[in-house]
Amino acid sequence: MNLPNKQDILSQHPRSEDRLLAILHDLQKANSDNALSREDLQLVAAHLNVPLSRVHDALTFYSMFSLRPRGRHVIRVCDSPHCHLGGSWSVLEELQRLLGVKVGETTEDGLFTLELTSCLGVCGVAPVMMVDEEMVGNLTTERLQEVLARYREGR
Amino acid sequence: MKRLDVLVCSGTACVSSGSAELKDSLARAIAEAGLGEEIRILETGCMGPCELGPVMLVYPEGTFYVKVRPEDTQDIVQEHFLKGRPVRRLLWEGTAPTVKEVPFFARQHKLVLANCGTIDPERIEEYIARGGYEALARAVSELSPQQVIDEVSAAGLRGRGGAGFPTGKKWELMRQAPGTPKYVVCNADEGDPGAFMDRALLEGDPHAILEGVAIAAYAVGADRGYVYVRAEYPLAIQRLEGAVEQARGMGLLGEGILETDFCFDVQLRMGAGAFVCGEETALIASIQGRRGEPRPRPPYPAESGLWGCPTLINNVETLACVRHVLLGGAERFAAVGTETSRGTKVFALAGQICNTGLVEVPMGITLRELVLDVGGGVPQGRELKAVQIGGPSGGCLPQELLDVPVDYESLREHGAIMGSGGIIVLDDTACMVNVAKFFLEFTADESCGKCVPCRVGTRTMLDILNRIAAGQGIEEDIPRLTELAETVRSGSLCGLGQTAPNPVLSTLRYFPEEYEAHIRDRACPAGVCPDLVHYAVLPDVCRACDRCRQVCPTGAAQGTAGKPPYVIEDKLCIRCGACVEACPFDAVIVRPGRKG
């Protein structure tokens with residue numbers, strides 16, 4: 001992703017501080033490593049005319065932003081009471097096995113990062129995970145394999 | 001008008017269960033049968049019983065189908081649509097022919113959720129056809145702002161987000177607050193685990209929220225507003241975005257609303273994964289592009305909110321109630337519920353209960369009616385032990401208190417809270433120490449870290465609970481927990497810390513014997529805490545089938561095939577439960593207490 005593209009993203013947002021989270025979301029999504037770079041933060045700071053430290057300070061509060069490179073797709077497994085009772089821990093174990101990574105890590109091919117999330121609010125189909133913006137419920141080993149395969153094939 | 005309307009639920013849960021594929025398959029089957037002219041398919045918001053998804057409704061008769069797969073669509077079209085015979089195997093429990101006969105729905109009182117699952121949320125025309133934006137029209141053309149506030153006050157509407165503050169009073173304070181501009185914010189940062197009524201409303205009836213926001217803005221004199229939605233709800237964000245566009249297009253938002261001089265517009269803001277942002281001062285900070293940390297109140301947002309300006313913050317469900325107050329009148333709204341808690345409340349039922357999902361009931365209903373009648377009670381063979389109500393900051397009420405009415409005051413009096421309306425039913429297999437630990441883990445994790453009592457206090461309480469669960473508890477732990485709870489409650493800035501001790505306090509209050517068993521007897525009566533149980537084989541029941549030995553990952557299950565009984569070597573056992581699951585004769589049991 002190169003500079004002009006990012007300028008395009010920035011130009012869609014008025015230079016108002018209440019746009020900060022929205023800009024960070026958009027920039028992060030545009031990066032193939034699902035993370036924000038130092039240059040990104042500088043761009044945002046310049047766009048909003050605030051100190052770099054302000055941008056850094058804000059973004060590090062939120063669990064969805066990352067300064068460390070992540071995989072192309074972020075898998076977030078819900079570990080709230082419902083999902084926990086529904087067996088999210090075994091789903092997590094299975095995912096770790098299938099991906100060969102632990103929570104917080106990225107697969108070697110750079111395709112997936114595995115994370116935990118708080119309740120996704122689709123408790124009726126627990127256990128649930130979110131892959132990027134797709135909600136996947138009623139997780140079983142087969143369902144996991146099918147979803148991972150789909151993302152590996154590029155949807 | 002078509003002969004049949006087929007409503008396919010397309011809430012997030014049903015989408016995840018395959019409702020999109022179902023809809024495509026239905027459309028194909030209908031086209032193949034040449035019924036395209038007679039039957040209309042609609043995608044709606046959440047219908048409630050998410051566990052049974054994908055669900056669909058066929059009108060005019062109201063046939064309710066559950067767990068419908070694409071493979072079933074041929075049968076539905078051939079049998080039902082062509083011959084008028086509902087497909088029995090897809091009905092609720094195989095019997096209830098129409099939605100009116102499903103007990104789960106029959107006992108509900110749908111007001112706020114009435115449009116959810118019955119209209120296409122992406123078409124403003126459908127909302128308008130159901131009386132949508134009439135309340136706003138009435139407000140801006142017939143009522144003065146003060147009259148709107150008076151109606152809301154007379155209706156006795158209280159905040160549905162947890163604290164239950166009177167909405168009319170909040171609006172009144174806001175109206176009187178000096179300073180411009182004034183802001184209205186819809187708090188859609190629903191984060192309580194197990195509560196998803198706001199998601200259902202945002203996805204299933206987004207215009208109702210926008211209408212509520214606009215009416216609030218008119219009443220308090222605001223000209224701009226925000227809806228702050230958590231990023232974990234992409235579908236809700238998408239539907240809201242669409243709704244805002246449509247409402248603007250029809251002159252229901254923007255300049256000169258409904259040809260009056262009332263101007264108001266709303267923008268969406270997305271969170272980024274922080275539970276505490278549901279707290280109003282944290283939410284304000286987050287909209288302003290700051291860390292979502294709460295700050296001391298006063299000043300309340302009504303005096304100093306967004307950029308120091310007067311800001312009204314209401315929860316999604318509260319705002320969804322507003323149009324009903326103005327449409328049916330305050331009296332009609334207040335006729336439902338109790339003296340102090342008027343109207344209905346949406347609950348998310350979950351846990352060890354037959355019917356889970358989203359339900360709307362009159363306030364003042366007893367827990368018994370809610371859990372046993374609407375929820376269908378605990379599954380057969382189990383015993384109800386407690387009802388955890390109010391989310392992670394809620395409390396656990398024991399079975400003896402099932403006749404407590406569900407209203408703000410009664411729940412608080414008994415150590416629980418209305419909270420956002422999450423209800424988890426626990427049966428006799430639940431360990432209350434473990435339950436308390438689980439919820440405290442959540443709040444300790446989500447503590448933003450600003451106040452010491454919350455940051456350190458919840459952590460210390462959690463350490464004590466962990467010790468108790470591990471069999472290292474001491475007698476002094478109980479008074480210490482109570483003392484810490486009081487410090488955390490009184491010393492924290494925001495609702496998160498102030499209510500975090502509730503799960504611990506309520507379990508200590510109603511289930512002291514379980515704590516004592518963990519501490520004094522080193523036993524977990526429910527057989528949950530791994531360090532306080534042991535596994536044993538019932539010698540008379542064991543048939544020496546060898547299954548337990550085969551699945552045991554550590555070689556703790558020992559014996560020779562054909563020579564009963566087997567034994568579990570306690571030193572090797574890791575309490576994984578594999579042998580209990582594998583035993584076809586139920587010979588392996590979990591006993592409270594350590595071996596010996």
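1. A quick word on terms before the domains: the bounds used here come from an automatic or database domain assignment. Keep in mind, too, that this is a predicted model.

2. With that said, chain B is split into domain 1 (4-106), domain 2 (124-333), domain 3 (344-427), domain 4 (432-519) and domain 5 (530-592).

3. Chain A has its own division, into domain 1 (3-59) and domain 2 (73-152). Taken over C-alpha atoms, the centres of domain 1 of chain A and domain 2 of chain A are separated by 28 Å.

4. Have a look at the helix pair in chain B: the axes of H6 (residues 134-142) of chain B and H10 (residues 206-220) of chain B cross at roughly 10 degrees and come within 9 Å. Because angles under 35 degrees count as roughly parallel, H6(B) is roughly parallel to H10(B). On the H6(B) side the contact uses Ala135(B), Leu136(B), Ala139(B) and Val140(B), and H10(B) brings Glu211(B), Ala214(B), Ile215(B) and Tyr218(B). By type, the residues of this contact of H6(B) with H10(B) come out as 7 nonpolar, no polar and 1 charged.

5. Another spot to check is Glu369(B), which sits in helix H15 (residues 367-374) of chain B. Glu369(B) is partly exposed, as 18 other C-beta atoms lie within 10 Å. From Glu369(B) to Ser490(B) there are 121 residues in sequence, and their C-alpha atoms are 34 Å apart in space.

Note on methods:
Residues numbered from 1 in each chain as written. Chains lettered and ligands numbered in written order. Predicted model: local features only at pLDDT ≥ 70, side-chain atom pairs only at ≥ 80, totals over all residues. Axes fitted to C-alpha atoms, helices over the stretch in contact; angles between N-to-C directions. Helix = DSSP H or I, 4+ residues; strand = E, 2+ residues; numbered from the N terminus. Parallel < 35°, antiparallel > 145°, perpendicular 65-115°, else oblique. Contact = placed C-beta atoms within 7 Å. Nonpolar A, V, L, I, M, F, W, Y, C, P; charged D, E, K, R; others polar. Buried ≥ 20, exposed ≤ 12 C-beta atoms within 10 Å, placed from the backbone.
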